[in-house]
Amino acid sequence: MGEYVIVRTYSAGVHAGVLVRRDGREVELQDSRRLWRWHTADRGISLSDVAVGGINPAKSRICAVVPSIVLTEAIEVIPASAAARASIEAADVARG
């Protein structure tokens, strides 16, 4: 708990934030951002690469920060590096 993570869900997309609570497939994040579309910073191909190296902000679409979110169908929770966190937190809020 208290770790910055990337969470892939079954039906709610991909989110990044501080892990507050995990109970089975239910995960609560604080200061969470939805990664609506992401491209890795280092030409990787997976969320594991995002968790290690971060995102390419010019090609990614990252949503606004929400103070708290409960995700009920988490299928993957990946600890994120400091570089990944910094790149996600620094990304501009995507707009239509």
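**Group meeting: cores, a buried arginine and a buried serine**

Of the 96 residues of this protein, 35% count as buried, where buried means under 20% relative accessible area, exposed over 50% and partly exposed in between, with a 1.4 Å probe and protein chains only. Before going on, note that this is a predicted model, in which local features need pLDDT of at least 70, side-chain atom pairs count only at pLDDT 80 or more, and totals for chains, interfaces and linings use all residues. Residues are numbered from 1 along each chain as its sequence is written, and side-chain values use heavy atoms, with hydrogens and water left out.

The overall layout comes next. The protein has two helices and six strands, in the order β-β-β-α-β-β-β-α from the N terminus. Helices (H or I, at least four residues) and strands (E, at least two) are DSSP runs, numbered from the N terminus. The C-alpha trace spans about 35 × 25 × 25 Å along its principal axes.

Now the inside. In soluble globular proteins, nonpolar side chains tend to be buried together. A nonpolar core here is a set of buried Ala, Val, Leu, Ile, Met, Phe, Trp, Tyr and Cys residues joined through side-chain atoms within 4.5 Å. The largest one has 16 residues, of which I6, L35, V50, I55 and I88 touch the most other members. Two or more residues each come from β1 (4-9), β2 (14-23), α1 (47-53) and α2 (82-90). A second, separate core has eight residues, among them L19, L29, I69 and A74.

Which strand holds R33? R33 lies in β3, residues 26-37. What the side chain of R33 does reach is the backbone oxygen of C63, at 2.7 Å.

Last, S87, in helix α2. Is S87 buried or exposed? Its relative accessibility is 16%, so S87 counts as buried. The side chain of S87 reaches the backbone oxygen of A84 at 2.9 Å. Leaving out residues up to four places away in sequence, S87 touches G54 and I55, where contact means heavy atoms within 4.5 Å.

Technical notes. Polar contact = N/O pair within 3.5 Å; in protein donor to acceptor, adjacent residues only side chain to side chain.
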